[in-house]
Amino acid sequence: MKVNDGMVPQKARRAQFERDFKAAKARVRTRSGGMCEYPGDDCQRAATECHHKLPRQHPRTNDPDFLLDLCSHHHHEVIHKYPEESYRQGWLLRWEDVPA
């Protein structure tokens, strides 16, 4: 396996990210009971997607405290469609918002 500048190869980093994300998603799904966790809306839809509040490059991106179990509508038609409002509400976080 080739190492670039002493860094972990990209494939290995990606594989570790996926393992961490899979474990975190299971914890988040247990927390949500499989229902959409969109805040402030008593959504009764099933959660089908796990939303990262932090940029994926952030060391804590897969921390369950920074993940939301959402229905597709709230994930794409609310949070990602209106990013400025999502940042104001805390549904999206900037790197500097959370210490590594």
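Modeller: Helices (H or I, at least four residues) and strands (E, at least two) are DSSP runs, numbered from the N terminus. In this predicted model, local features need pLDDT of at least 70 and side-chain atom pairs count only at pLDDT 80 or more, while totals for chains, interfaces and linings use all residues. Residues are numbered from 1 along each chain as its sequence is written, and side-chain values use heavy atoms, with hydrogens and water left out.

Colleague: Which pattern does the protein chain follow when read along the sequence?

Modeller: The order is α-β-β-α-α, which comes to three helices and two strands, and the C-alpha trace spans about 50 × 25 × 20 Å along its principal axes.

Colleague: How many disulfides does the count come to?

Modeller: A disulfide is a covalent bond between the sulfur atoms of two cysteines, and the rule here asks for a pair of cysteine sulfur atoms within 2.5 Å. By this rule the count is zero, because the sulfur of cysteine 43 is 3.9 Å from its closest cysteine sulfur, in cysteine 36, too far for a bond. The sulfur of cysteine 71 likewise has its closest cysteine sulfur in cysteine 36, and at 3.7 Å that is too far for a bond.

Colleague: Is cysteine 71 buried or exposed?

Modeller: Buried means under 20% relative accessible area, exposed over 50%, and partly exposed in between (1.4 Å probe, protein chains only). Cysteine 71 is buried, with a relative accessible area of 2%, and cysteine 43 also counts as buried, at 9%. Across the protein chain, buried residues make up 36% of the 100 residues.
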